[in-house]
Amino acid sequence: MFGDLATTSLARDVLEQFLADGIVTCEDNKPSDGSATSLALTAAYDDAVTHSCNAPPDKSTPEPKTRYRWGWPKLPSTPIDENELVVFLNSIADSALSTARSIRKDDSLQAKNRFAPVDKNRVIALSYWIDGEYTCPDFVVLPLAAFSDDKELGVEDAYVNFTAMLLAGESKSVRSTRDGLIQVQRYMRGIKRAQPWLRFAVGMTVGKDFVALSRGDRSGLERFEISLTDGRGCIQFIRTILGIVLADKEAFGHNPEVGIEERDVSLVAPELHPAATLHTGTNTTTSVAASAIPLTFSGRRSSRLRNPTSASSNLPSVNQPSATSSTGTTSDNTATRSKRGPDDEMSPGKWSKKQKRTVVFRAFVPVRAYGRKHIATLFTSACIRGRGTTVYVVGADGGKTYSALKTAWQDVACAGAQAAVLEKLSGPEPHLNVVIPMRLLDPLAEDPKVNSRLGSIRGFLGDEMQKPPVENRILTVTTSDPQRPVAYFWSPHDFVRGVIGALLGHEYLCEIGILHRDISENNIVLSPRRGGLGVLIGFDMAVVGSPNMHRDFAPPTKKSVEEILASFSKPHVPSLASDEQYKAQRTATYMSIGVLRGEPHTHFHDIESFLYVLILFFFSYKGPLAEDKLRSARARGFTQPVGAGWLPHVTAWPPVFQRWASGSLWEILVHKHYVSDPSSSADFVEDCAPYLQSRWETASQSIPQSLTHLIFRCWTMFSLQRRQVTHRQFIGVLETWLKQYAGEEGNYIYPFDD
């Protein structure tokens with residue numbers, strides 16, 4: 001990373017000057033002993049060259065008999081003060097740049113970026129709340145525009161937000177590689193959510209004697225660690241610091257196909273009670289001052305809160321003061337939720353509906369995407385590994401037409417399968433319940449090194465890319481008509497009609513010989529018309545199969561829970577695929593039991609995934625959004641305003657489903673198989689009922705009862721039929737429920753003007 005901006009030989013010369021200036025020390029190196037200095041530098045340089053594979057070391061140079069210990073006297077000692085650390089990093093960068101300009105005789109070597117501290121008593125804008133823990137880096141790297149001479153430590157507070165970050169860092173007073181990596185990954189996910197156009201995200205960890213740099217792309221996480229106590233590490237550290245301050249935004253993952261501009265954005269956010277306590281995912285607490293304002297970016301989730309007692313998703317949205325709930329935590333460990341009213345006084349750790357403040361920050365927002373005018377963002381994903389799906393609404397023809405532009409990093413094999421699927425879909429008359437995307441960028445027709453993870457980002461050579469040690473992913477770009485996401489449903493009946501439409505679309509795909517293989521909530525969209533049926537989207541995992549596959553199918557052998565568990569104890573029986581493989585490619589939460597077991601994917605598995613989408617939907621939301629918020633969302637095309645928080649009706653899953661969200665594939669498989677067994681299914685539905693009551697009783701006390709009936713009918717049908725349910729059977733149950741409880745829809749107001 002950043003190696004092309006500062007060569008090993010340049011870093012060696014800078015290190016030599018640092019030794020002369022006392023910035024770096026070396027044990028057994030006496031100031032008057034020039035030969036010792038030369039020997040230590042030569043050994044460090046040879047070691048660095050050998051490990052960077054730039055050139056073979058000079059064999060004529062004798063091996064040093066002494067192992068030199070290097071040091072950085074001004075590096076803050078334990079405990080590390082973040083402000084002092086930033087001053088140290090910037091001083092190293094300034095000194096290294098000054099020396100490099102002198103060595104190269106090149107005054108054009110000027111910093112483009114600098115390190116900046118983060119005030120922990122001023123919670124930064126667009127911080128991303130992950131697993132109930134507030135995400136606040138210890139230091140960040142910002143573009144030079146964020147700095148002013150008249151500000152303390154030179155940084156403008158408005159720029160300290162996740163849309164402007166080039167790099168987020170963590171300082172560790174105690175050497176804990178694992179903890180440092182976990183924290184940095186949280187920051188990287190926050191950057192990815194706020195800047196979904198990034199090809200990768202970068203994080204940094206600094207300890208008392210080491211520096212680690214992490215880069216997360218869709219193929220996984222790369223990380224290297226530098227020791228500050230040996231010569232090679234000192235050279236690598238200088239190269240890294242020089243690279244960070246000299247790099248342009250593309251070196252930090254920015255996509256040149258997406259144009260960015262600066263814009264002031266205001267947020268209305270609730271206050272916290274003075275000295276409120278924030279609970280983290282590790283059961284620790286952090287005291288935050290009264291001025292702390294937790295803010296978040298993006299209105300849709302890509303992962304669930306794993307801790308049922310963690311902070312809820314009721315966070316602020318842009319210029320919508322009423323969008324925030326009065327409670328800052330969920331009470332999903334019990335059947336009842338907090339009864340605090342909107343006029344209750346604040347208590348420690350609670351959000352306030354009365355006390356708010358407006359925060360203005362400097363956001364970096366997209367204005368163009370792949371040659372089209374960027375209107376807004378429809379969907380983002382904060383994950384580091386996987387497809388990293390992002391959907392923009394873009395304008396064409398001078399703003400007369402709009403379309404949804406989707407970018408995703410496909411596995412190479414899946415990209416080829418998707419091409420065959422899109423070609424097959426382009427032939428027949430389009431189905432009303434299937435949205436067929438149009439490919440804007442053909443990854444297979446482009447240079448694979450330009451648009452691939454291993455080629456354009458990791459720099460693999462041609463031979464290395466033939467048998468890569470990690471999965472390779474290719475960028476795919478498609479366009480389609482914008483749709484209404486599931487989160488903007490106006491009644492439970494509206495969503496059920498959406499599932500019926502998606503099932504009809506899936507049945508059509510089976511008829512023409514296409515297996516979807518990626519059924520999830522995000523791949524179902526709702527009709528723009530009142531009473532209309534939903535639509536199935538998302539063909540990233542689809543494959544071409546035999547026509548009418550759903551009519552000529554031999555169901556798999558039925559197995560009991562004991563047989564399933566016993567099968568995994570046999571060494572020669574294929575077990576389920578690795579967690580990494582599936583979590584990188586599919587939404588594991590919605591995966592069928594058969595797919596979790598490693599069975600060949602069939603249409604029955606997709607229909608079972610529809611069941612999980614239906615069930616989990618009613619535990620993901622506390623009823624629909626308010627009427628005015630739905631109208632506002634419709635007016636902006638259901639896109640996410642810059643700085644918008646979690647939608648206020650999104651809620652954490654109850655404990656009964658937590659294993660599906662955070663467990664391993666093994667845990668998900670065992671739990672799903674157990675609760676789907678006919679002997680356990682009734683108890684499972686009974687356990688779910690109280691959580692339906694707490695989420696849906698606002699509109700009518702009879703709504704939770706009707707939803708319990710729907711879940712019971714569907715779950716029992718799949719349980720008794722061992723999950724071998726046809727499209728028509730599932731649709732029949734849903735249509736019967738719609739007729740039986742048609743009157744309940746009168747408890748909701750249709751908010752849209754067709």
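Guide: Here is the sheet, strand by strand, and then the helices on it. This is a predicted model, in which local features need pLDDT of at least 70, side-chain atom pairs count only at pLDDT 80 or more, and totals for chains, interfaces and linings use all residues. Residues are numbered from 1 along each chain as its sequence is written, and side-chain values use heavy atoms, leaving out hydrogens and water.

Six strands make an open sheet. Their order is β3-β4-β5-β6-β7-β8, with mixed pairing. Strands (E, at least two residues) and helices (H or I, at least four) are DSSP runs, numbered from the N terminus. Two strands pair if DSSP finds at least two bridges between them. At the edges sit β3 (113-117) and β8 (220-227), each pairing on one side only. From one strand to the next, the twist averages 20°.

Now take one pair. Strands β6 (residues 201-207) and β7 (residues 210-217) run antiparallel, joined by six bridges. Opposite Ala201 stands Gly216 of β7.

Two helices come next. Helix α3 (residues 82-104) packs on the sheet and touches β3, β4 (139-143), β5 (167-172) and β6. Contact means heavy atoms within 4.5 Å. The direction of α3 makes about 165° with that of β3. Such angles run from 0 to 180 degrees between N-to-C directions, with axes as lines fitted to C-alpha atoms, for helices over the stretch in contact. Helix α5 (residues 231-246) lies across β3, β4, β5, β6, β7 and β8. Its direction runs at about 125° to β8.
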